[in-house]
Amino acid sequence: MEQTPSLLLFLLAFPLARSGALQSRIVGGHEAAPHSRPYMAALKHSGNFNCGGFLVAPDWVMTAAHCMGDITVILGAHDYHVPEASQQMFAVESYHLHPEYSATYVPYNDILLLKLSSKAKLNKYVQVIPLPKGSSDIHTDTRCIVSGWGYIDSEVATNKLFETNATVLSRRKCLLFYPELTNGMVCAASYHKLSDVNYGDSGGPLICNGVAQGIVSYGFQFPPSVYTRIANYLPWIRKTMGQ
């Protein structure tokens, strides 16, 4: 998973962002053990893979708002091009874009909820990932995992799920890279190697201590990358999902 300037690519792709044109890929990661991330969702637009997402209830998937489009959801996939017996495919019954989402220079309030046409069958291949219980910031230096599908370098594509480690940065340090940072954002990166998210991972989760704390949103050429901070949106999430 190779490095490309994802913020630049966001800007180039923005005219098409409503149809999910923005993609990203894991940088410097490794192939995940098959079906070790059973909460992951592969999102397809018009038959082509565009973004990741994650299952937060049997009939709800969370992703990035810039992944908005005519989406088909695949759960239980490792290689999404192979018709694995573990896979479950769903149409989207309704799209719930955050009402304050905007994407001029960078995406703000970059969160989207997808109500599936039916409930997923939960098993060892398909599982719900917990959300934060409160609105507190993630502790600095928390080690997390981020996963997604996409290119493994600039020329070689993979259909298999890849993952990498990422460590949460302090808000003060993150502001040095991203002065536009809001309370709805958090950034994370690897301190030990060039390891990050970029093109195809958009919408995938930042998992910290078994909880989905962030959504892959955007970044520059080098780590860190910016994630939507899920805890900031809990009231909207609960209202939208009717919980």
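I started at strand β5. W60 and M62 point one way from β5, while V61 and T63 point the other way. I checked burial for these residues, and all four are buried. I note here that this is a predicted model.

**Entry: the partner of β5**

Next I looked for what β5 pairs with. I found strand β10, residues 112-116, joined to β5 by four bridges. The two strands run antiparallel. I then looked across from V61 and found L114 in β10 standing opposite.

I moved back to D59, which lies in the loop between β4 and β5. Which side chain of opposite charge is nearest to D59? I found K115, 4.0 Å away. D59 is buried yet has no salt bridge. I also listed the contacts of D59, leaving aside neighbours within four places in sequence. They are L114, K115, L116, S118 and K119.

**Entry: counting disulfides**

How many disulfides does the structure hold? I counted three. A disulfide is a covalent bond between the sulfur atoms of two cysteines. I numbered the bonded cysteines in sequence order and read off the pairing as 1-2, 3-6, 4-5. I then took the pairs one at a time.

**Entry: C51 and C67**

The sulfur atoms of C51 and C67 are 2.1 Å apart. I looked up the torsion about their S-S bond. It is about -85°, so this disulfide is left-handed. C51 sits in strand β4, residues 48-57, and C67 in the loop between β5 (60-63) and β6 (71-75), so the bond ties together parts 16 residues apart in sequence. Are these cysteines buried or exposed? C51 has 0% relative accessibility and counts as buried. C67 also has 0% and counts as buried.

**Entry: C144 and C208**

C144 is joined to C208, with an S to S distance of 2.1 Å. The torsion about this S-S bond is about 100°, so the disulfide is right-handed. I traced where the two ends sit. C144 is in strand β11, residues 143-151, and C208 is in strand β15, residues 205-208. The pair links distant parts of the chain, 64 residues apart. Both C144 and C208 are buried.

**Entry: C174 and C187**

The remaining disulfide joins C174 to C187, S to S 1.9 Å. C174 lies in helix α2, residues 171-177, and C187 in strand β13, residues 185-189, so the bond ties together parts 13 residues apart in sequence. I checked burial here too. C174 is at 1% relative accessibility and counts as buried. C187 is at 1% as well and counts as buried.

**Entry: S202**

I looked up S202 in the loop between β14 (196-199) and β15. S202 has 1% relative accessibility; under 20% is the mark for buried, so S202 counts as buried. How far apart are S202 and S147 in space? From C-alpha to C-alpha I read 9.9 Å. In sequence S202 and S147 are 55 residues apart.

**Entry: two asparagines with positive phi**

Most residues other than glycine have a negative phi. I found an exception at N109, with a positive phi of about 55°. N109 is in the loop between β9 (107-108) and β10. N209 also has a positive phi of about 55°, although it is not a glycine. N209 is in the loop between β15 and β16 (211-219).

At 69%, N209 counts as exposed.

**Entry: the whole chain**

Last, I stepped back to the chain. I noted three helices and 17 strands. The chain has 243 residues, and 58% of them count as buried. I looked at contacts between residues at least 6 apart in sequence. Of these, 73% join residues at least 24 apart. The chain exposes about 10,400 Å². Carbon and sulfur atoms supply 54% of that area.

Technical notes
Residues numbered from 1 in each chain as written. Predicted model: local features only at pLDDT ≥ 70, side-chain atom pairs only at ≥ 80, totals over all residues. Heavy atoms only, no water. Disulfide = S-S within 2.5 Å. Buried < 20%, exposed > 50% of the residue type's maximum accessible area, 1.4 Å probe, protein only. Pairing = 2+ DSSP bridges. Lys, Arg positive; Asp, Glu negative; His and termini not counted. Contact = heavy atoms within 4.5 Å. Areas by Shrake-Rupley, 256 points an atom, 1.4 Å probe, with all protein chains shown as cover.
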